[in-house]
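Thanks for coming. I will go through a handful of local features in this one, and you can follow along on the screen.

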Amino acid sequence: MTSPKSAAVLYVSYPMLPVTDASCGGAEQILWTLEREIHSRGWRTTVAACKDSRVNGELFSTGLAPLGTDRFQPREAEHSSRIVEMLRRSNGDFSLVHDMSGQFFAHAAHAPKPMLVTLHLPRSFYSESLFRALPPNVYFNCVSESQAASFSDLPRMLGVVPNGIALDRFPLTHRKADYLLWLGRICPEKGAHLAIEVAQRAGLPLVIAGQVYPFSYHQQYFQREIKPHIERADSNVTYIEAPSFDDKVKLLANARAVIVSTLAQETSSLVAMEAMACGTPVVAFRKGALPEVVQHGVTGYIANSLDQMIAAVNDLDHIWPEACRHHVEENFCSRRMASDYEAMYEAVNSASQTVPLVA
């Protein structure tokens, strides 16, 4: 492969939201963090994303994020068609495409570049039609071992690259306030309503910080399950909508614990990594890759039930901030993640030189 100074990578984002350091979605955060690290290593980086994205290299704007609800299909079509046309005109400007969008790889036959596809979601979240008749320029990776087990049948699966965070942006904090924190996308499968029950039964204040995405069922969930608890006169629930990055770090650093009450089989957890980097314990359900991220009894607790989660919240004195930070330094830093992806870029480009890029 060419040296980083002459190598160029195109990152493809999810089409519905801008990519910034304050992005709520995990895939957008990982793209921002990885592109920052790869760009700092001398690569020429371009990010195909919504107009208001903020990246370290070049931004290729594919249009505005939609303001209305449930506009995914027309927005995805606009996003993908503009990227395909740009790639057709690029005349070999890119060494490869790194797709973090969720489904741009469906257009890979029309974009004859080597393409690494990072699968961020559980398999059940993808349409199986996406994995039929895959062109030979498409390669895959997963972000956890538990996720990879469900994708073992895919051709050209290169392995696992655990997600990482920029440790320099998350300060270790020893003194904690007396509130619990739930942080993320506010939608049914992420279980913010369960965090409310945990806090109420534990007798502790709860801060819910995050964003309601422009999908009607997300907004209906917020109106039905979350908003009434915020608006009650005697409520112990505070809502912070779409916090800035700096505000998010302060919330993570000062929380007594972060609650990950997800109902989904999570493939990773950036919230847990960020909390532990700040020395904050994480109490999470045993879902998907969460036991790979949270070290039970050392950096927090893995719970099998709501009752176990409540008991864990009342038993946080045994979790030391230094142990939380050390765990992230050893396993989930952005430098390690970038090095792993550089090795995968090498593997993709080497393999693509021995087979045709399109069938």
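Thr62 touches Ala48, Ala49, Cys50, Arg75, Glu78, His79, Arg82 and Ile83, leaving aside residues up to four places away in sequence; contact here means heavy atoms within 4.5 Å. Thr62 itself sits in the loop between strand 3 (58-61) and helix 2 (72-89). Helices (H or I, at least four residues) and strands (E, at least two) are DSSP runs, numbered from the N terminus. Is Thr62 buried or exposed? Thr62 is buried, at a relative accessible area of 0%. Buried means under 20% relative accessible area, exposed means over 50%, and partly exposed is in between, with a 1.4 Å probe and protein chains only.

Before I go on, the ground rules. This is a predicted model, in which local features need pLDDT of at least 70 and side-chain atom pairs count only at pLDDT 80 or more, while totals for chains, interfaces and linings use all residues. Residues are numbered from 1 along each chain as its sequence is written, and side-chain values use heavy atoms, with hydrogens and water left out.

Next, helix 7. How many of the residues of helix 7 are buried? The count is 8 of its 8 residues, so helix 7 is mostly covered. By name they are Leu270, Val271, Ala272, Met273, Glu274, Ala275, Met276 and Ala277. Just after helix 7 comes Gly279, with a positive phi of about 80°.

What does helix 7 pack against? Two packed helices are described by the angle between their axes and the distance between the axes. Helix 7 (residues 270-277) packs with helix 10 (residues 321-331) at an angle of about 125°, and the axes are 7 Å apart. Axes are lines fitted to C-alpha atoms, for helices over the stretch in contact, and angles run from 0 to 180 degrees between N-to-C directions. That makes helix 7 oblique to helix 10: under 35 degrees counts as roughly parallel, over 145 as roughly antiparallel, 65 to 115 as roughly perpendicular, and the rest as oblique. Helix 7 contributes Met273, Met276 and Ala277 to the contact, and helix 10 contributes Cys324, Arg325, His327 and Val328. Those residues divide into 5 nonpolar, 1 polar and 1 charged.

Gln295 is in the loop between helix 8 (290-293) and strand 13 (300-303), and Gln295 is partly exposed at a relative accessible area of 37%.

Now the rings. A search of the whole structure finds 11 aromatic pairs. Rings of Phe, Tyr and Trp (its six-membered ring) pair if their centres lie within 6.5 Å; planes under 30 degrees apart count as stacked, over 60 as edge-to-face and the rest as tilted. Tyr126 and Phe151 make an edge-to-face pair, 6.0 Å centre to centre with 80° between the planes. Tyr126 lies in the loop between strand 5 and strand 6, and Phe151 in the loop between helix 3 (145-148) and strand 7 (157-160), so the pair ties together parts 25 residues apart in sequence. Tyr126 and Phe151 are both buried.

Phe170 and Phe245 form another edge-to-face pair, at 5.6 Å centre to centre and 70° between the planes. Phe170 is in the loop between strand 7 and strand 8 (180-185) and Phe245 in helix 6, so this pair ties together parts 75 residues apart in sequence. Phe170 is buried at 3% relative accessible area, and Phe245 is buried at 9%. Arg169 lies over the face of Phe245, 3.9 Å from the ring centre. A charge sits over a ring if NZ of Lys or CZ of Arg is within 6 Å of the ring centre and within 35 degrees of the ring normal.

Last, backbone. Most residues other than glycine have a negative phi, and most peptide bonds are trans. Ala133 has a positive phi, near 55°. Ala133 is in the loop between strand 5 (115-118) and strand 6 (138-142), and is exposed at 78% relative accessible area. Ala242 also has a positive phi, of about 45°. Ala242 is in the loop between strand 10 (237-241) and helix 6 (245-254), and counts as partly exposed at 43%.

Notes:
Ala, Val, Leu, Ile, Met, Phe, Trp, Tyr, Cys and Pro count as nonpolar, Asp, Glu, Lys and Arg as charged, and the others, Gly among them, as polar.
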